[in-house]
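Reader: I've got a model open and I'd like to learn how to read it. Can we go through it together?

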4 protein chains.
Amino acid sequence: MKTNRLEAFSDGVLAIIITIMVLELKIPEGNTLESLKPLLPTFITYILSFVYLGIYWNNHHHLMHASNVVNGKVLWANLHLLFWLSLLPFATGFMGENHFESLPTALYGLVLLMASIAWGILFYVLRAQHSDDTVFSKAYRSVWKAYMSTALYAAATALSFFSPVIAISIYVFVAVLWFIPNKKIEQNIIAE
Amino acid sequence: MKTNRLEAFSDGVLAIIITIMVLELKIPEGNTLESLKPLLPTFITYILSFVYLGIYWNNHHHLMHASNVVNGKVLWANLHLLFWLSLLPFATGFMGENHFESLPTALYGLVLLMASIAWGILFYVLRAQHSDDTVFSKAYRSVWKAYMSTALYAAATALSFFSPVIAISIYVFVAVLWFIPNKKIEQNIIAE
Amino acid sequence: MKTNRLEAFSDGVLAIIITIMVLELKIPEGNTLESLKPLLPTFITYILSFVYLGIYWNNHHHLMHASNVVNGKVLWANLHLLFWLSLLPFATGFMGENHFESLPTALYGLVLLMASIAWGILFYVLRAQHSDDTVFSKAYRSVWKAYMSTALYAAATALSFFSPVIAISIYVFVAVLWFIPNKKIEQNIIAE
Amino acid sequence: MKTNRLEAFSDGVLAIIITIMVLELKIPEGNTLESLKPLLPTFITYILSFVYLGIYWNNHHHLMHASNVVNGKVLWANLHLLFWLSLLPFATGFMGENHFESLPTALYGLVLLMASIAWGILFYVLRAQHSDDTVFSKAYRSVWKAYMSTALYAAATALSFFSPVIAISIYVFVAVLWFIPNKKIEQNIIAE
């Protein structure tokens, strides 16, 4: 199988997840500014989740572009990642509707944590199939950012029960961290 | 028509089915662990259905990749398969919300059964157009797994009325059976 | 613009329409056969609409495949068609939930009628750009089936107020009429 | 990255937005013409939003077709545009359900305004990467229409609080303005 079709399918699923999430923004009864207020937390969470899905889409593209092998293992590792990302609309709505209370904030972190672990699995399944001098191995020599993110999600999930504000600050921080593109990966892939 | 466009359309429909299913996970009113509990059966069913759709996507890709003819019959056999798979989100929500009671469990089995029969029809429509020495015929010489699955779905559907637990165990068993990839098909297609 | 991208976009919209329609099958409260009964009319309508969308997808593909020009007019004629088809899930749910009563049955017919007129417009916009000896003109020399369908939809819409049963019979009849593939079109396109 | 994949992803998101919007047309309880009446404003808004998304899709395609560079900045500028467009179904439903009252009409304008600013950002990010004699620069020499639209959206948003009718007239006027294709852009891109 070419990476082509895997990308197309993943793109489709990501595009749907990102768009379906907006359905959690339920149209309010009234037509005053007051009636829109309760939607604000969901809207803010929507922005955060949108950015996260954008980051995943971007990184996913780079990862696939650097790879040239797709087998059964890659396929399932990829589906496993999509599974956790597909829970993001639920976690987004749950956290937003409950105005960043402890449990929903922890659940949001848990989904991010699991997605990040799933990303790690996908990454290692792909790396096992590329020798050291391939584009893939050169592009992904340093993976500290991924490790740190996983650790931060785990910490934030636990911290949600003490202070949701700190947890959410960590979610935002990690998003910002990934928003800044990895020059090394881009250069290596383009250099190819 | 090339298999290309049929694949793209099927991928689109499968990607939407797999993602729409998550909408059955309705956001609960409360924000305690207690309020999430009633969602557990739906969540478990969601995992099962996600795996099934992953399997269908994977097998569908192999089937189309091995084929080189698409005519009106193939197109409708394919739409027929997508029709039954499109009912999976409904069956998933129905079984999950009713905590694996008899009728919903049977209905879930019925949808799997019909999808499996639809798969069989698609397969035979395709095989009728490939002579014995094509990649297709070589890759799909042994089809016992498909036959057995159909029989097991039928059995599980009936057994749902006696013991939903046994029925669900069968659904899980068949999923595991298909999760393990068919080396023969992969090799033959790659060998081409 | 190549027909490529127009097809991909149309495929995407059609795939979503066909799948979103299943959301009209609301999961019932109970878990008995009795509780599923009220869903039957919606389910039957779902099958009919699914077949119609399958027919449109199939014919759309043939039409685009035979064409080689896409300009602004074609693009908007195509969007116009997608607009009416996008109303099919609404019409399906409305007719199903009201158990084939007069007005909903007429509305369903109206949507089919408008989609069929939109198809006609798309067809004439495309034909105006193909000279007589192109694949397009050869494949689509006879268009009586399209004319007749439009007339039948109009008749059925009006008849809904006297007898919804007759109207629905006409919808089924036209679907069957199109289900049988047009050999001439297929041959001409393949012959190319 | 090729513009290819960016287009495919954007197409996917736009196709889903355009289709999901129809879900705001909630099926009414009754089956009389009376029961459909309250849906009329939402239906009219749906048409307007559908046309807007069609215009964006069309223009997006031309923009990408004229470009040949995609980097991280383009990607995020594009996601930013999709973000605002993804709010259109919400704004459509909110304005429709409230029968064109002040605040919802202003919010609809705000979403159009932000989408139009996002379009501007995407445009300037792309232009910064094309020298003066490229297809891109030649095709997009005159951008007064984009500027004027942004100004009109801002004006309409503010005017909503005095007269929603004027605001909506402006939304319709801008849509008509863009509906008429830009001959210059089409010719330059085709000339290439």
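Reader: How far apart do the closest C-alpha atoms of chain B and chain D lie?

Author: They lie 9 Å apart, and no contact joins chain B and chain D. Contact here means heavy atoms within 4.5 Å. Chain A and chain C likewise have no contact, with their closest C-alpha atoms 9 Å apart. Bear in mind that this is a predicted model, where local features need pLDDT of at least 70, side-chain atom pairs count only at pLDDT 80 or more, and totals for chains, interfaces and linings use all residues. Residues are numbered from 1 along each chain as its sequence is written, chains are lettered from A and ligands numbered from 1 in the order in which they are written, and side-chain values use heavy atoms, with hydrogens and water left out.

Reader: What rotation superposes chain B on chain A?

Author: Copies are superposed by least squares on the C-alpha atoms of residues with pLDDT of at least 70 in both. For chain B on chain A, the rotation is 90 degrees with 0.0 Å of shift along its axis, at RMSD 0.0 Å. That's the relation of a four-fold axis. Chain D goes onto chain C by a rotation of 90 degrees too, with 0.0 Å of shift.

Reader: Which share of the interface residues of chain B are also interface residues in chain A?

Author: Only 9%, so the copies meet through different surfaces.

Reader: How do I read a pair of packed helices?

Author: Two packed helices are described by the angle between their axes and the distance between the axes. In chain C, the axes of α3 (residues 40-66) and α6 (residues 102-127) come within 12 Å and cross at roughly 5 degrees. That makes α3(C) roughly parallel to α6(C) (angles under 35 degrees). Among the contact residues are C:Y52 and C:Y56 of α3(C), and C:W119 and C:F123 of α6(C). By class, this contact has 12 nonpolar, five polar and no charged residues.

Reader: How many charged residues are in the lining of the second largest pocket?

Author: There are 12, alongside 21 nonpolar and no polar ones.

Conventions
Axes are lines fitted to C-alpha atoms, for helices over the stretch in contact, and angles run from 0 to 180 degrees between N-to-C directions. Helices (H or I, at least four residues) and strands (E, at least two) are DSSP runs, numbered from the N terminus. Angles under 35 degrees count as roughly parallel, over 145 as roughly antiparallel, 65 to 115 as roughly perpendicular and the rest as oblique. Ala, Val, Leu, Ile, Met, Phe, Trp, Tyr, Cys and Pro count as nonpolar, Asp, Glu, Lys and Arg as charged, and the others, Gly among them, as polar.
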